[in-house]
Amino acid sequence: MRSESRAPAAVGGLALPSGVLRVGPLQGEMTQSFLTRLAARYGMAFRDLLAAVVDVDGLPNAMGRPRPDSEIYLNQEARDRVAQLCRVPQDRLLRALPAWAQEEPRRRFAVGPAAQFHHTAEKVRCWGPTCPECTARRTGMRETARLYLGPQQRVCLSHRWWLMHIPGTAGRVVDLAGCGQVLDAQRCHVRLLRRSVLASDAFEVARAVTSSWWWQTWPREHMWSARLRSLDSAGLDQDAWRVVARELVIYPETVALATLLASDGFRRRMVADAQGHVPFRLADLPSLLTAVAGCVRRPWYAEQLARETSGPLFAWAYQCVRAQGGTRAAEQAMWAVAPAHRQRPLVDELAVRARVGSGGRSAEGKRRRGHSRQADEAFAAGLVHASRYVREHGNLAVPQDTVVDSYRLGEWLSNVQARAWAIAPDRAQALAVLDPWWNVPWSVQWQRSYYRARDHAAVAGPPDAAAGFPGTQILNGEWLYLQCTRYSTLHPEQQRLLADIGITPEAACTALPRRVPIQAGFETGLAHARSYVAEHGHLAVSGKDALYQGYSLRSWLVHQRRRARENREPTEHSRALEAVDPWWNPPWALAWQRSYAQARRLVESRGGLDVGGGFPEVEADLALWLSRQCAAFRRLDPDQQRLLADIGITAEEAAKVQGGAGSPQAVNEQVAAAGLWALEGMTSARSFAAVHGHLAVASEYVHDGFALGRWLVEQRRQDRRHAQANDGMWPRRRLLAELDHWWNPPWPYPWQRSYQRARKRWRKGQLKVPGPQRGRDEDEVTVWLHRQCVRHDVLQLDQQGLLADIGITSAVARAVTEADRSPARVDTGLSHARSYAAEHGHLAVAERTRHNGYPLGSWLLRQRHRVADGRTDPARIAALNALDPHWNPPWPLAWQRAYHRAGTATTGDNLTVAQSRWITTQMRLWDSLHPTQQELLADLGAAPATEPVPTPATAHRYPPGEGPAAPSPPATARPGPSPTSLPTWRTPST
C-alpha cells in the first residue's frame, strides 16, 4: 500500500486529519474483521484502534466486549472516523460491509462516537473465514478475515477449502481434498440458484430435514460417518467436532434434496399420489419416499421414513398437499420451516451436546431458542391431563368440549392438533405414546365410532358384513355399513384401521345394511309401552319422558302413529297397541289426552268429581282445564264427550259449570279473564287491521295500550295446535282471516312483517326494485327484496304470488339474480375491502358496517359463508388474504375486532381500562387460545412473561475522587504507533 496525504475534513464542527494508509474492505466482510485488519496495517492492537475511534475524553464509549466471533456496530461519528482512517469513501464501505450501517448502537455517553458488540445468532448472520489464498490475492498479503457467507459460499472451489464457522473462534478452513462429493454439490447448488426461484426456500427446508436425520442413530447409516472420519478435526473434541462439521458432512444430501423439493413435476406427482387426502404418515406418499431415497442414494430410507408422522419433511409434505389448488399464501406457507424444526445455532447445539454444561451441571435441558418456559409448562400440564384421560378411556379421541378436572382438555388438544405438523418431534412423540392416533386427518367423531366398533370386535369377533352386521348395536352396525358404502373414498389409514377389525375391501363389497327384525323391534317397543301404561295409565308420552327405561319410547310411538295414519285399515301392530291403550293414537292433541289421564287417575283415587261445586280440592291447573272442557263441551269430539262422561262430566253437568252457578271464585275469575282477554284482542286486532290492512306485527307490539303482538302469538299457537288435533277450522281463525288472510302464514313470521313493510312502500309508489347497481341509498327493505329475488325459486308459491302483487315477478327476480352474478359486483366489494383495509389495516368488520355507503360487513359475511361451503373463487380468497391474512379466522370475529382495537390503542399509548382488562383475560386464558391467536397477542407484547430479562447497565461507576469536585480520571496510556502514524481527535467533555 502506498502512503498518501489528504486535507483535513470538517466533521461535526471538528477538524479530523486523514489516515496515512488506504485499506479497503473485502466484499461481504464483517465490520470487526475489517477493523482488525485496519489495526494490523497500522501496527497496533484492535483494542487500541477501538479506543482511538470511540473513546470520549479517555473513557470507552463501547457496549459489550469483543470476541473472536463477534460483530461491531458503529454510530455515524464512529463510522466517519473509520472512513478517515482507512481513506475509503462511506458509500463504498456501505456497499462492501453488510453490517456497516445495519444498527445504531447503544452508548454510554449521550454524545460522541459509540460502538456495540454482538455475537448471538439473533444479531449476527452466518459467517465464516475467508480462503487464505484468495485473501492474499485480493489484499496483497497473507492475513485472516471473516465474511458473511450464504450456504452456497461455504466452498472455495479454486483451492478446495470448506469455510467453517466455529462459535467462540475466528473459524477455520477445512481441506476438501478427499471430499469430491462436496465440491460437486456446490456446483449443483449454484446451478439450482440460477434456475429456480424456489431454490433458497427449498434449501432451507432440505437443511432442516437433513439436520434432523444427522442426529438419528440409524444402524444402516455409514456414509456420513465415513465422510466425517475423512476430515481433519485438528484436535477438536469429537462431540464438538460432530456438531460443527454437521453442515459440511450433510451438504451433498442437502443440495440433492433441495433440488428434488424445488422440482414442480415432483410436487405434482406427490399431490396426485395423495388422492385428495392429507397424509397421516409419510407412508401415505410412496412417491415421496421413493424419490427422497433415490436422491440421497439410500434405498433403505423409503422403509425408514415411512413411519414418520412429524418432523420437517412430514411438515413440508403435509403443507404441500394442503396447498393444492389453494391460495398463494398457502403455497408460501409450505416453504416456511416451523421454529421447532429449525436447526439450532451452533453455540446452542454445542451446549446441548456437551457432556457437562457451565457450572458442572448437565446442559441437556437447555430450551430451544425462542421457546418460553411458560409454553413448556403449559404443554406439560396438558400432557398430564391427556394421560389421565387415556387411562380412563384408552384413547385421545377427545370432543372439543371435554373438561378433565376443571382443565379444558378438548380445547387444548384441538389447539395442538391445529398445528400438529409444526410442533417439535419430541412433543409429537409424547402424544403418540399415549395414543398413536391422537392427530388423525379425519373427524374425531369418526375415530370415536371406530373405537366402539373395535371394542365390539375384540369381544364378539370380526363383524360379518355379508350378513348385515348381526349382533352389533343399531348405531354401530349402521356406521359400519356406511363405511363400507364409501370405502373407496376413505383415507388410506382409515381403510387400514377398518381392515384391522375385519372390514377389508372384499368384505366391504359384500356388505348388507344392518336390519333389526321388524317384529322383534316391535315386540321390544310394545313391552316398554305396556310397562309405561301400567305406571302412568296412558301412552300420551311427553317430551320429558322421551327415554323410558333407556328406551326411546316417544320416538317409537311417533313412528307407530305415522304408520297407523298411512294405513286406512287397522293393522296387527295398531290392534296390539289398542289393546294396551285404546286412545294411544287419538285424533286430538296428545296434551288433551295427558290431562284427561290425570283427571281419570284423580277420579279413580277419590271416587268422583264435584262438577257442580267447581272442582274443589283439585289442583288449579287441572281445575282450569276441567272448567274449559265444560265450557267447550258441545264443541268437543263425540269421543272426547264420552271420555268426559266416564269421569262424571256429562252435558248436563257441563251446562251447570258454563252458567257459573256455585263455581269457586278463583276458577270463575280465570275463565272470565280468559274470555275478556279474547274479546279485547279481537277488538284491538280489528282496530289495527282497519288502519294498516294486515296483522303482521312484532311480538312486543302494543296497540292502544293492549299487547296485540303477544295476543297474536298466542292465537297462532292455538291455531296450529287445533290444526294438529282436528280436521275442522278453529272458530277464531275465520274471524282473524277476515282481517288478514295471512295472519298465520305457513312460512316464518318475520318474512311476513318484512313483506308488509315493502307493500306499504309499494302502495305509496316508493318501492325501489333492486337492480344491478346497488348504491348508497340501500336500506333494509331494499336489501330484503334483493334477498327474495336471489331465493325466488325456493320460495313457496303463495310467497311468490305475494311478491308478484308488489311487482317482484319471476322475470324481475331472474334479472336481479343474473346482475348479482356479474364480475362488476364482486369488484365493487373488493374495491371497498381494499379501501377499508388501507384505512384501518384489517377486515374484522361487524355485519352492519357500511363503508362509504356500501354494506361491506354483510358482503364479507357472505364471502365467509361461501368459503365454508367451498363456493368461492380461489382468486377472490387470495385477494382478501393479501388485504388481511386473518379476514376469515377460525375463532370468533368479535375476538379479532377486540384484538385490533387493543392493537390500535397500544400503538397510540391510549389503552382504556376495558382494553387492558381484555388483554389480561387473554393472558389468563392463554393455554386455550389458538396458536395463531397466541402469535398475534405476542406481536402486541401481550404474551405471558417467561423469564425476567436483566436490564443492562448503561454506564460504568467509577470510585469518587477526594473532595467535593474531584477531577475526571486521566485517560489510560496505551502502547501504540507514533503520533505521526495515527491521527488523534479532541471531543468536547461530556
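Analyst: What follows describes the cavities and their linings. This is a predicted model, in which local features need pLDDT of at least 70 and side-chain atom pairs count only at pLDDT 80 or more, while totals for chains, interfaces and linings use all residues. Residues are numbered from 1 along each chain as its sequence is written, and side-chain values use heavy atoms, with hydrogens and water left out.

A cavity here is a set of points, on a 1 Å grid over the protein atoms alone, where a 1.4 Å probe fits but cannot get out, and its lining residues have an atom within 4 Å of a point. Volume means the space filled by probe spheres set on those points, which are joined across faces, edges and corners. By this rule there are 2 cavities of 30 Å³ or more.

The largest cavity holds about 100 Å³ of space, and among the 13 residues that line it, Pro-312, Ala-315, Trp-316, Ala-336 and Val-337 lie nearest its centre. Two or more lining residues come from each of helix 7 (199-214) and helix 15 (312-322), helices being DSSP runs of H or I with at least four residues, numbered from the N terminus. Helix 15 gives the most, with 4 residues. The lining comprises 11 nonpolar, 2 polar and no charged residues, where Ala, Val, Leu, Ile, Met, Phe, Trp, Tyr, Cys and Pro count as nonpolar, Asp, Glu, Lys and Arg as charged, and the others, Gly among them, as polar.

The second largest cavity, with a volume of about 40 Å³, is lined by Leu-35, Phe-46, Leu-49, Leu-50, Val-53 and Leu-74. Helix 2 (residues 46-54) supplies the largest share of this lining, 4 residues, and by class the lining has 6 nonpolar, no polar and no charged residues.

Key:
1 Å grid on protein atoms, 1.4 Å probe; cavity = no way out; pocket = protein on both sides within 12 Å on 5 of 7 lines; lining within 4 Å.
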